[in-house]
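Subject: Structure handover

Hello,

Please find the structure below. My notes on salt bridges and surface patches follow it.

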Amino acid sequence: MAAEPRNEGEGNRTADAQYRKGVQDHVQHHDVEGDAKRARDAVDGPEGDELRRAEEEGKRHAKGEDPQLKPGAQSQGKP
């Protein structure tokens, strides 16, 4: 029988290690510069308006910027 997963709480080291490994793997095995260029070209191209609308829609669902990371920013979420 598998052991019950440990709740590491906020600052979960296991999740952090998995995330960092995934990012490192992606950077090492994918064309990150090419991906960035394709994204720039898409925003500047015919689909740019649709992408900007999608970004605005996503922002409407966001809690806002973290004021500790971005001074002067206001949170949009409920306190």
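Glu56 is partly exposed, at 40% relative accessible area (buried means under 20%, exposed over 50%, partly exposed in between, with a 1.4 Å probe and protein chains only). This is a predicted model, in which local features need pLDDT of at least 70 and side-chain atom pairs count only at pLDDT 80 or more, while totals for chains, interfaces and linings use all residues. Residues are numbered from 1 along each chain as its sequence is written, and side-chain values use heavy atoms, leaving out hydrogens and water.

Glu56 forms a salt bridge with Lys59, with the closest N and O atoms 3.8 Å apart (a side-chain nitrogen of Lys or Arg within 4 Å of a carboxyl oxygen of Asp or Glu). The two are three residues apart in helix α3 (residues 48–60), about one helical turn (helices are DSSP runs of H or I, at least four residues, numbered from the N terminus). Lys59 is partly exposed at 43%. Glu55, Glu56 and Lys59 are linked in a network of salt bridges.

Also in helix α3, Arg60 and Glu57 are three residues apart and form a salt bridge at 2.2 Å between the closest N and O atoms. Arg60 is exposed at 59%, whereas Glu57 is partly exposed at 35%.

In helix α2, Lys37 and Asp41 lie four residues apart; their salt bridge has its closest N and O atoms at 2.7 Å. The count comes to seven salt bridges.

Regards
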